[in-house]
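The sequence and structure are shown first.

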Amino acid sequence: MLANIDLDDMMDFHLSNNGLATVALTSVNKPSDWGVIRVQGSRVYSFLEKPDQRKNLSNIINAGIYILEPKIFDYLQGAKRLEKDVFSKLVEQRKLFGYMFAGSWFDVGNPEVYEQAVKEWK
């Protein structure tokens, strides 16, 4: 992943919400390839990991950048996947927040996207 994000601003946002975790969010055209997020204000109220593309969902996705409080380790007992096992609990407990950023974001996990990122990165 390659992202142009202001981490200081994201940290300020995280601290101001007193949440357990903050997820960086971005908008994409095909959200079903990633974890789709729904927010109300800054609080995440729905987190679907790679949902069915036929569903009418938000275009806001998990950008893969997190700020986590040390207490997150209490939630990791028995968890296999952070996004599926832990974030779903945090959503239920209203402790997961979303930080929307407008900078460039590329999931460079395949050669085609990597080449696009190299061309477009500023």
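In this predicted model, helix H1 spans residues 7-17, and its buried residues include Met-10, Phe-13 and His-14. These three lie on the same side of H1, because they cover an arc of only 100° around the axis. An α-helix has 3.6 residues a turn, so residues three or four places apart point the same way. On the face turned away from the buried side, H1 carries Asp-8, Asp-12 and Ser-16, which are exposed. The cover over the buried residues of H1 includes S2, strand S5 (60-68) and strand S6 (96-100).

| Residue | Place | Value |

The nonpolar cores are considered next. The largest nonpolar core has 14 residues, of which Phe-47, Val-86, Phe-87, Leu-90 and Leu-96 touch the most other members. Two or more residues each come from strand S2 (21-27), strand S4 (43-49) and helix H2 (82-92). H2 gives the most to this core, namely 4 residues.

With neighbours within four places in sequence left aside, Phe-47 is in contact with Val-36, Ile-37, Asn-62, Glu-83, Phe-87, Val-91 and Leu-96. Another core lies apart from the largest one; this core has 13 residues, including Ala-24, Val-28, Ile-61 and Trp-105.

Terms used
Residues are numbered from 1 along each chain as its sequence is written. This is a predicted model: local features need pLDDT of at least 70, side-chain atom pairs count only at pLDDT 80 or more; totals for chains, interfaces and linings use all residues. Side-chain values use heavy atoms; hydrogens and water are left out. A nonpolar core is a set of buried Ala, Val, Leu, Ile, Met, Phe, Trp, Tyr and Cys residues joined through side-chain atoms within 4.5 Å. Buried means under 20% relative accessible area, exposed over 50%, partly exposed in between (1.4 Å probe, protein chains only). Contact means heavy atoms within 4.5 Å. The arc is that of the directions from the helix axis to the C-beta atoms.
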